[in-house]
Amino acid sequence: MAKYSTGSGGDSAGGSCELCGSDGGDLQTANVAGATLQVCDSCARDHGENERTTGSDSSRDEQNRKRKAAQNAAKLQDAQQADTSHWEDGADYDDDQLPYLVSKYGERVTEARQDEGLQTSELAEELDLDEADILAVEQGRATQANVGGSTIKALEQYLDIDLVESS
């Protein structure tokens, strides 16, 4: 349990830090986890939620805060923009949607391929598919790799396995 003192509150010279208990030194008021406490400089720096107004530190903190906010805004904007650079012209991704796949579908494909005695490159050649798509399915990341439903259907038929959840 934390050892916070209720202290005398208003005295900022002398006394002990209400967070770490260190004696002596100038104390300052800081907001720590929603509580207003009299703390030493070290605790205020490490745990305080107040803006410090001590010369160059406050301007550096403000610059860091603004830079971090700009980085977060840039990440958010990038995440909202679709990356279509990997899409092929003429492909109709809406007609080749990935169905809902069974749990551990990647393991099923890997095991069935190995039972057939095939490498991923051989299976890809046999089915006229991209080896990267087969690897994505085997690694359980078909959705992230934008694997189409036709790839899943071809794997199911050739390997005689069920990958699509039945409704």
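Mentor: Arg113 is found in helix H3 (helices are DSSP runs of H or I with at least four residues, numbered from the N terminus). Bear in mind that this is a predicted model, where local features need pLDDT of at least 70, side-chain atom pairs count only at pLDDT 80 or more, and totals for chains, interfaces and linings use all residues. Residues are numbered from 1 along each chain as its sequence is written, and side-chain values use heavy atoms, leaving out hydrogens and water.

Trainee: Is Arg113 buried or exposed?

Mentor: Buried means under 20% relative accessible area, exposed over 50%, and partly exposed in between, with a 1.4 Å probe and protein chains only. Arg113 has a relative accessible area of 8%, so it counts as buried.

Trainee: Which residue forms a salt bridge with Arg113?

Mentor: A salt bridge is a side-chain nitrogen of Lys or Arg within 4 Å of a carboxyl oxygen of Asp or Glu, and a search of the whole structure finds one. Its closest N and O atoms are 2.5 Å apart, and the partner of Arg113 is Glu138.

Trainee: How many residues apart in sequence are the parts that this pair ties together?

Mentor: Glu138 lies in helix H5 (residues 131-138) and Arg113 in helix H3. Glu138 is buried too, because its relative accessibility is 14%. The pair therefore ties together parts whose separation in sequence is 25 residues.

Trainee: Which backbone oxygen does the side chain of Arg113 reach?

Mentor: Look on the model for a distance of 2.7 Å from the Arg113 side chain. The backbone oxygen there belongs to Leu118.

Notes:
Helices (H or I, at least four residues) and strands (E, at least two) are DSSP runs, numbered from the N terminus. A polar contact is a pair of N or O atoms within 3.5 Å; within protein, one must be able to donate a hydrogen and the other to accept it, and residues adjacent in sequence count only if both atoms are side-chain atoms.
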